[in-house]
Amino acid sequence: MIRCLVVLIGLSLAATQARAADPALIGVGYLGVAGTRSTLSLVEQPAENDGLAGARLAIEDNNTTGKFLNQRFALEERRMREGEDAVQAATDLAARNGFIIADLPADALLKVADSLRDRGTLLFNAGAIDERLREADCRANVIHTAPTRAMLADALGQYLVWKQWKRWLLVVGSHDEDKLFADALRRAATRFGAKIVQERVFEDTGGARRTDSGVTLIQRQMPVFTQQAPAYDVLVAADESEVFAAYLPYRTWDPRPVAGSAGLVPRSWDAAQDQWGAIQMQNRFMKLNSRRMSALDMQAWTAVRMIGEATSRTNSGDVRKVSDFIKGPDFSVAAFKGTKLTLRDWNLQLRQPILLVDGRMVVSVSPQEGFLHQVSELDTLGYDRPESKCKLK
Amino acid sequence: MQAEVRTRMLRAGLLSGLALAAAPAHAFIAYVSNEKGNTVSVIDTESWTVTKTIKVGQRPRGIEFTRDGKFVMVAVGDDDTIQVIDAKTQSVVDSLPSGPDPELFAQDAAGKILYVANENDNTVTVIDLEKRARLGDIQVGVEPEGMTISPDGKTLINTSETTNMAHFIDTSSRQIVANVLVDARPRFAEFRHDSSELWVSSEIGGTVSVIDPRKHEVIGKVTFEIPGLRREAIQPVGIGMTRDDKTAFIALGPANRIAVVDTATRKVTKYLLVGQRVWHMAFTPDEKYLLTTNGVSNDVSVIDVAAQKVIKTIQVGELPWGITIAP
């Protein structure tokens with residue numbers, strides 16, 4: 001009897017020890033939409049695993065660190081097909097994962113956030129740049145690693161003003177998101193002292209993005225479209241829908257540079273970014289994914305790294321603990337942008353420098369020198385605390 | 001054929017423990033790696049002028065004299081090697097099998113073994129300097145960078161920039177014995193000469209962690225505050241400690257300053273304005289002067305250590321990064 005007890009105690013002890021040696025498993029879900037949008041430039045066509053590839057790399061990075069802390073990260077990927085219900089897919093993911101990286105349109109993201117609120121799942125918005133998700137429609141369980149339209153427009157605006165290109169010809173596409181980007185550009189012009197000398201609308205009349213004799217026609221259309229403009233320094237295009245902006249460089253009636261949705265473009269990341277140690281990450285990404293890293297990849301990488309950073313600092317995989325730490329005052333993450341990235345505590349938007357790129361090189365990085373702020377110069381990009389309409393709940 | 005002869009001469013040179021006898025008193029030679037210029041600038045500390053500019057491989061960064069003072073090793077990351085400069089002829093004579101993208105490295109007290117941080121594959125490569133052979137690799141965290149060896153030679157320290165740890169590696173077994181979490185992007189590690197503390201700078205975290213190397217615990221942190229300067233601009237990188245361990249000098253990157261720290265209180269006593277984006281530093285062997293590399297302003301600042309004053313600025317090549325001074 002006693003011997004039996006001793007054996008039992010011994011067994012249970014061994015089991016406890018074995019359990020202690022097992023790594024803490026931290027599940028991260030990735031929820032995106034299958035299929036990619038069509039771009040005017042063939043080389044800008046996003047990869048099928050755009051975003052996801054960044055999350056995969058961050059999981060590897062987290063696991064390299066995790067092996068020293070007895071933590072293991074696993075990624076569960078879910079790409080929804082047309083017509084699939086995001087709430088259902090997210091609920092399913094949340095059953096096994098305390099954290100979800102989302103690349104969803106604004107409305108779907110909000111539905112998912114509200115449906116997972118009571119469960120305590122922490123969502124990372126890696127894809128949607130809509131202002132309203134950080135303003136009137138902000139949520140306490142959604143952290144945004146994607147920049148906002150206003151942050152992107154301000155980053156560009158600061159540079160154009162620094163360059164003394166203060167007279168803008170604004171060309172806006174006819175889709176809703178083009179108009180939202182145009183709003184952000186108008187706001188940037190007002191904030192930083194640029195003048196929009198005229199606005200033109202480029203109507204999307206349909207038509208294919210790939211044709212066999214495309215260039216001939218475009219070369220006739222674009223100069224005509226941009227002629228008889230008042231004197232201007234730079235043409236700023238708002239064309240998130242990829243209808244016309246990429247056709248403008250070198251084809252404007254007046255010889256002027258193009259910026260915005262083509263030419264000099266504001267982005268959270270670029271394949272050409274090699275400063276601040278970034279070359280190491282670019283190499284790692286290339287090795288893992290056999291392609292170059294996009295802005296969406298970076299936004300997803302940053303989200304997963306934020307989770308890894310918080311789990312190593314708190315030495316815990318507990319979702320509640322990790323969430324509290326990420327939202328707390330001591331959190332910051334390094335993401336190869338020359339400065340630590342922190343969260344705006346009033347709306348959970350990640351503060352970050354924005355790159356200005358031309359498709360081959362990083363031309364500049366905003367905030368520009370001289371744009372000052374009492375808290376963080378990164379808060380000269382986008383809506384600041386006093387203007388915010390967000391009430392986190 | 002000629003290369004072979006040179007290699008053999010070099011091997012003999014690396015091993016001979018003879019001190020450099022020719023240097024006159026108080027005149028020293030500093031070598032500065034210029035990251036963008038792909039050159040190494042040679043500075044004479046008597047005249048404070050650049051006496052020679054040596055062409056090296058792509059992206060030279062980590063740079064150090066061999067223990068005998070006869071050669072200078074410089075990591076040329078984009079050429080995936082460490083080049084060896086003969087200090088006498090001041091030209092590149094050889095290269096070492098360093099592994100991909102070497103940045104910083106450390107050598108043991110005897111000058112026989114070299115440990116190299118290879119940023120691209122999360123390893124530290126161990127090289128036998130005599131045989132020119134790779135002895136092995138040690139798996140560490142993501143983006144290994146800072147490298148130093150404890151004064152007793154028993155512990156190798158490597159910092160990994162994305163894992164945010166200082167890894168303690170036993171030099172005899174080549175196994176990691178402890179990992180200490182520090183603030184974001186640890187770039188440089190330096191022991192006190194009495195071995196009682198290890199200081200690790202965190203570039204993005206903006207702090208220097210003071211670690212007890214026996215307990216493997218962070219026992220204190222040096223923080224920085226410069227009026228009129230935003231916090232994000234304070235990015236500690238290089239660390240220099242005086243031989244009496246009383247004063248530490250810490251390069252603050254884009255804050256364009258060197259912090260002078262009282263090691264007893266771990267408080268900054270003074271900020272010295274140097275050039276833009278100050279990276280690394282080296283003392284002259286008599287410890288009268290401290291030279292700092294200023295990346296963006298393409299110059300080297302000379303600090304009078306006793307007076308704690310910047311006394312001179314020397315123009316060097318494009319984006320100076322590392323510096324070493326002949327023993």
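**Figure 1. Strands E25 and E26 of chain B.** B:Thr292 has B:Ser301 as its bridge partner in E26(B). The structure shown here and in the following views is a predicted model. Strand E25 of chain B covers residues 289–294 and strand E26 of chain B covers residues 299–304; six bridges pair them in the antiparallel sense.

**Figure 2. The open sheet E24-E25-E26-E27 of chain B.** Four strands make up this open sheet, in the order E24-E25-E26-E27, with antiparallel pairing. At the edges stand strand E24 (278–283) and strand E27 (309–315) of chain B, each of which pairs on one side only. From one strand to the next the twist averages 25°. Strands of a sheet pair through backbone hydrogen bonds, in either a parallel or an antiparallel arrangement.

**Figure 3. The open sheet E4-E5-E6-E7 of chain B.** The order of the four strands in this open sheet is E4-E5-E6-E7, and the pairing is antiparallel. Strand E4 (60–65) and strand E7 (91–96) of chain B are the edge strands, each pairing on one side only. The twist from one strand to the next averages 30°. Within the sheet, strand E6 (residues 81–86) of chain B is joined to E7(B) by five bridges, and the two run antiparallel. In this region B:Val92 in E7(B) stands opposite B:Ile85. In a regular strand the side chains alternate between the two faces of the sheet.

**Figure 4. The hairpin of E2 and E3 in chain B.** Strand E2 of chain B (residues 39–44) and strand E3 of chain B (residues 49–55) run antiparallel and are joined by six bridges. B:Thr39 has B:Lys55 in E3(B) as its bridge partner. Four residues lie between the strands of the hairpin, and B:Trp48 takes a positive phi near 50° there.

**Figure 5. Chain B as a whole.** Chain B contains one helix and 28 strands. Its C-alpha atoms fill a box of roughly 60 × 45 × 35 Å along the principal axes. Of the 327 residues in chain B, 53% are buried. Among the contacts in chain B with a separation of 6 or more, 43% are between residues 24 or more positions apart.

**Figure 6. Where chain A touches chain B.** In this view 14 residues of chain A are in contact with 19 residues of chain B. On the side of chain A that touches chain B, the elements giving two or more residues are helix H2 (52–69) and helix H8 (278–289) of chain A. H2(A) gives the largest share of that side, four residues. By class, the residues on the side of chain A that touches chain B are two nonpolar, nine polar and three charged. The size of an interface is often given as the accessible area lost when the parts come together.

**Figure 7. Chain A as a whole.** Chain A has ten helices and 16 strands. Its radius of gyration is 23 Å, close to the 21 Å from the globule rule for 393 residues, so chain A is as compact as a globular protein of that length. The C-alpha trace of chain A spans about 100 × 50 × 40 Å along its principal axes. Buried residues are 48% of the 393 residues of chain A. Residues 24 or more positions apart supply 68% of the contacts in chain A with a separation of 6 or more.

**Figure 8. Confidence along chain A, with residues 4–19.** The average pLDDT of chain A is 92, and 94% of the residues score at least 70. Over residues 4–19 of chain A, pLDDT stays under 50, and the model has zero contacts beyond four places in sequence for these residues. Where pLDDT is low, the predicted coordinates should not be read in detail.

Figure 9. A:Glu387 lies in the segment after strand E16 (362–366) of chain A. This residue is exposed because 9 other C-beta atoms lie within 10 Å, and a residue counts as exposed at 12 or fewer. A:Glu387 and A:Glu135 are 252 residues apart along the chain, while their C-alpha atoms are separated by 9.4 Å.

How values were computed: Residues are numbered from 1 along each chain as its sequence is written. Chains are lettered from A and ligands numbered from 1 in the order in which they are written. This is a predicted model: local features need pLDDT of at least 70, side-chain atom pairs count only at pLDDT 80 or more; totals for chains, interfaces and linings use all residues. Two strands pair if DSSP finds at least two bridges between them. Two residues are in contact if their C-beta atoms, placed from the backbone, lie within 7 Å. Ala, Val, Leu, Ile, Met, Phe, Trp, Tyr, Cys and Pro count as nonpolar, Asp, Glu, Lys and Arg as charged, and the others, Gly among them, as polar. A residue is buried if 20 or more other C-beta atoms lie within 10 Å of its own, exposed if 12 or fewer, and partly exposed in between; C-beta atoms are placed from the backbone. Axes are lines fitted to C-alpha atoms, for helices over the stretch in contact, and angles run from 0 to 180 degrees between N-to-C directions. pLDDT is the predictor's confidence in each residue, from 0 to 100. The radius of gyration is taken over C-alpha atoms; the globule rule is 2.2 Å times the number of residues to the power 0.38.
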